[in-house]
Amino acid sequence: FINMRMDQNWKSQRTTTKHARNGETFSSPLIRYTPKRIVLKGKQSQVIRLMLRRGKNFKDGEYRSHILIQQEAPADFGKTIDKKKKNDKSLSVTLKALFGVSMPVIIKYGKLEHEVKITNIKISKNKKGQKMVGFDLNRSGNESVFGNLEVYFDPKGLARSRKIGELTSVAVYSPYKKRNMKINLNIPKKMQGKTGILTVKYLVKDKSHKKEQYSLSSTSLTL
């Protein structure tokens, strides 16, 4: 298990339980898992079992760490040197990758609540000259939020709005309060240059885990 810290630009940094900041609670000390080492051939799979160890002073809140599954380095990794011809003084570099994947493991306990607000919405352009919308996704409470962002444009004089941008699987982990967002806009030609209302919605699944989504937060900008 590894512990990760995220900033408002969603850059991650490894940390430890000893260096936890105010509000950071990690699940790694609470979980046992097996097996710790596996050997897989092509198209094979492996089940990893997790067991929760809850202490006596377990407080309400959310505990998060990441389980890291990484390729193990061979014994000679980083120690071999390619043989060169005599009198060859050139320098060569060989890059070898160790592949891995990490997944969040979140423990939720007791009374949890969250609230999300979208603020500081503004229009700009990316390096290619394409219009984009930027805003802050603000979270409060003791629970993380996970959802999808959708952008709609309702041009003046047209019958209905049109979805012109989206981002899926957007999270703001507890205890972090804000995430800076930018979404590229794909505006149809018939809508370009028109004035209207731009609406940004943050959609999450309901508490019963049904397929339907509801808007946890939304805000609008008149263009």
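Visitor: In which strand is the place of Gly61?

Guide: This is a predicted model, and the answer below rests on its computed strands. The strand in question covers residues 61-70, and Gly61 lies in that range. The place of Gly61 is therefore in strand S5.

Visitor: Is Gly61 buried, partly exposed or exposed?

Guide: A residue is called buried under 20% relative accessible area. Gly61 has a relative accessibility of 6%, so Gly61 counts as buried.

Visitor: Which residues does Gly61 touch, not counting residues up to four places away in sequence?

Guide: Thr25 is 36 residues from Gly61 in sequence, with 8.4 Å between the C-alpha atoms. Contact requires heavy atoms within 4.5 Å. With residues up to four places away set aside, Gly61 touches Ile107, Lys108, Tyr109, Leu112 and Asn142.

Visitor: Which aromatic cluster includes Tyr109?

Guide: The structure holds four aromatic pairs. One of them is formed by Phe58 and Tyr63. Together with Tyr109, these residues make up one aromatic cluster: Phe58, Tyr63 and Tyr109.

Visitor: Is the pair of Phe58 and Tyr63 stacked or edge-to-face?

Guide: A pair of aromatic rings is described by the distance of the centres and the angle of the planes. For Phe58 and Tyr63 the centres are 4.8 Å apart and the angle between the planes is 15°. Planes under 30 degrees apart count as stacked. The pair of Phe58 and Tyr63 is therefore stacked.

Visitor: Are Phe58 and Tyr63 buried or exposed?

Guide: The relative accessibility of Phe58 is 12%, so Phe58 is classed as buried. For Tyr63 the relative accessible area is 11%, and Tyr63 is buried.

Visitor: Which residue lies over the face of Tyr33, and which over the face of Tyr173?

Guide: At Tyr33, the distance to the ring centre is 3.9 Å, and the residue over the face is Lys36. At Tyr173, the distance to the ring centre is 4.3 Å, and the residue over the face is Arg64.

Visitor: How many bridges join S7 and S8?

Guide: S7 pairs in the antiparallel sense with strand S8 (residues 131-141). Ser124 stands opposite Met132 in S8, and Val116 stands opposite Arg139 in S8. The pairing of S7 and S8 extends over 10 bridges.

Visitor: Which residue in the hairpin of S7 and S8 takes a positive phi?

Guide: The hairpin has five residues between the strands. The phi in question is near 85°, and the residue is Gly129.

Visitor: What is the bridge partner of Asp136 in S11?

Guide: S8 and S11 run antiparallel and are joined by seven bridges. In S11, the partner of Asp136 is Asn180.

Visitor: Is Met103 buried, partly exposed or exposed?

Guide: Met103 has its place in strand S6 (residues 100-109). The range for partly exposed lies between the 20% limit for buried and the 50% limit for exposed. The relative accessible area of Met103 is 40%, so Met103 is partly exposed.

Visitor: How far apart are the C-alpha atoms of Met103 and His66?

Guide: Along the chain these residues are 37 residues apart. Met103 is in contact with Ser65, His66, Ile67 and Ile69, leaving aside neighbours within four places in sequence. The C-alpha atoms of Met103 and His66 are separated by 5.2 Å.

Visitor: With which residues is Ala20 in contact, leaving aside neighbours within four places in sequence?

Guide: Ala20 is found in the loop between strand S2 (12-15) and strand S3 (31-34). Its relative accessible area is 31%, so Ala20 is partly exposed. Leaving aside neighbours within four places, the contacts of Ala20 are Arg5 and Phe26.

Visitor: How many strands does the protein chain have?

Guide: The protein chain has zero helices. From the N terminus on, its elements run β-β-β-β-β-β-β-β-β-β-β-β-β. The number of strands is 13.

Terms used: Residues are numbered from 1 along each chain as its sequence is written. This is a predicted model: local features need pLDDT of at least 70, side-chain atom pairs count only at pLDDT 80 or more; totals for chains, interfaces and linings use all residues. Side-chain values use heavy atoms; hydrogens and water are left out. Rings of Phe, Tyr and Trp (its six-membered ring) pair if their centres lie within 6.5 Å; planes under 30 degrees apart count as stacked, over 60 as edge-to-face and the rest as tilted. Buried means under 20% relative accessible area, exposed over 50%, partly exposed in between (1.4 Å probe, protein chains only). A charge sits over a ring if NZ of Lys or CZ of Arg is within 6 Å of the ring centre and within 35 degrees of the ring normal. Two strands pair if DSSP finds at least two bridges between them. Helices (H or I, at least four residues) and strands (E, at least two) are DSSP runs, numbered from the N terminus.
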